[in-house]
Structure formats: structure tokens, C-alpha cells
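Take a look at the sequence and the 3D structure below.

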Amino acid sequence: MIGKRGKNSLKNTAGGFTLLEILLSLAIFAVALPILSSLFSGGMKQPAIAREQAKAVFLAQELMEEVLTQKWDENATPPGHTNNPSVIGTDSGETASVRSSLDDIDDYDGLVDNPMHSADGATLTTFQTFWSQVQVNYVGSDASSPDFETFLAKNAGSEFKRVDVTVNWAEGRLTLTSVRGNF
Ligand SMILES: [Ca+2]
Ligand SMILES: [Ca+2]
């Protein structure tokens, strides 16, 4: 009788789990679950952040293209050079908020677009969480200019304009920079 009970007890231990093993497994699971869930939610966030960044890059590129397709200066005859570059900013009869009135790249300086609009003035309704800013300066005129700008400015006077297009959204911002010469 005793021998039989002992045999059954041994069989149960070998074939299944003891209470201690089950409790230990539950404890490990309880510790692991928050870690796993945070890893999983982090993994889910990444594609959403990447999507927002991709949209911002697209919007910045579109706006940069719009700016750079304008003539270099109010006084330039497209697509040519001018010996008389003008002051940065909109010119007579132009209004920053009326995009169709802008005809040279520095007219966009100081533009803040929120919500953003396309070149033809239509509101970009699918991108309403984004807003943009544009800065245009003669290269080297900004005290915080990097060395290459100082070099260009020394060697070329006011022959280059720098365009910074910044797109902002709730979680971030990005800036595209282009330099365009007087030609
Ligand atoms: Ca103009
Ligand atoms: Ca201008």
C-alpha cells in the first residue's frame, strides 16, 4: 500500500508539474508580461513614427521644389542672372499668404503655412497635423552659417541664396536646406 502510493506520487511528479513549478512559472510570466507588452507597443509605434516622418519629408520636398522653381531674384530675368540682387522678402504687389503672387525664391522668406497649402493655394486637408516655415537668406548673411557658407560668401558675394524649409508635426520637425546660385 505504502509502496503503491509512493509509486503514484513519483509518477505524478515526473509526468506533470509540481505546485512550486507552476507558481514559479506564473511569477516569471508576471514579470515577463509587462516587458513583452512594452516591447510590442514600442514595435507598433515605430511604423507610425516612420509614416509621419515620410509624410514630412514629402511635404518639405514639395514645398522646396515650389520655392526653387521660382526665379532667383525679383530683378532677374528668368532664367538668367542679375547684377542687381534685391532685398530678401516679398516685393511690391506681393503677399506672402497669396502664393500665386510670389515669383522669386526669397518671396518665401518668413512664410508660415498652418495648415499647409499646395502651390495653387488649396488646403492640404490630408496633412492637417503638419505645418511649415520657410527661411531664405543670402549665403553667409546668417551669423550661424556653417563654414562652407562663409567660404561661398567670401568668394561670391551675394551670389547664393540659402533656402531652409521646415516641416513640423506633433512629435517632431525636419528641415531641408538648399543653396541656389545667381544664374
Ligand atoms: Ca517677387
Ligand atoms: Ca523677392
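In what order do the four strands of the open sheet lie? The order is 1-2-3-4, and the pairing is antiparallel. Keep in mind that this is a predicted model.

## The edges

Strands of a sheet pair through backbone hydrogen bonds. Strand 1 (112-113) and strand 4 (172-181) stand at the edges. Each has a single partner strand, so one side of each is left without a neighbour in the sheet.

Strand 4 is also hardly covered. It has ten residues, and the count of buried ones is zero.

## The pairings

Strand 2 covers residues 131-138, and strand 3 covers residues 160-169. These two strands pair in the antiparallel sense over eight bridges. Y138 stands opposite K161 of strand 3.

On to strand 3 and strand 4. They are antiparallel too, and ten bridges join them. N168 has R173 in strand 4 as its bridge partner. Strand 3 and strand 4 form a hairpin, with two residues between them.

## A closer look at W169

W169 is found in strand 3. Is W169 buried, exposed or partly exposed? It has 16 other C-beta atoms within 10 Å. A buried residue needs 20 or more, and an exposed one has 12 or fewer. W169 therefore counts as partly exposed.

Which residues does W169 touch, leaving out those up to four places away in sequence? They are E52, A56, T129 and F130. Q128 lies 41 residues from W169 along the chain. The C-alpha atoms of W169 and Q128 are separated by 9.3 Å.

Methods:
Residues numbered from 1 in each chain as written. Chains lettered and ligands numbered in written order. Predicted model: local features only at pLDDT ≥ 70, side-chain atom pairs only at ≥ 80, totals over all residues. Pairing = 2+ DSSP bridges. Contact = placed C-beta atoms within 7 Å.
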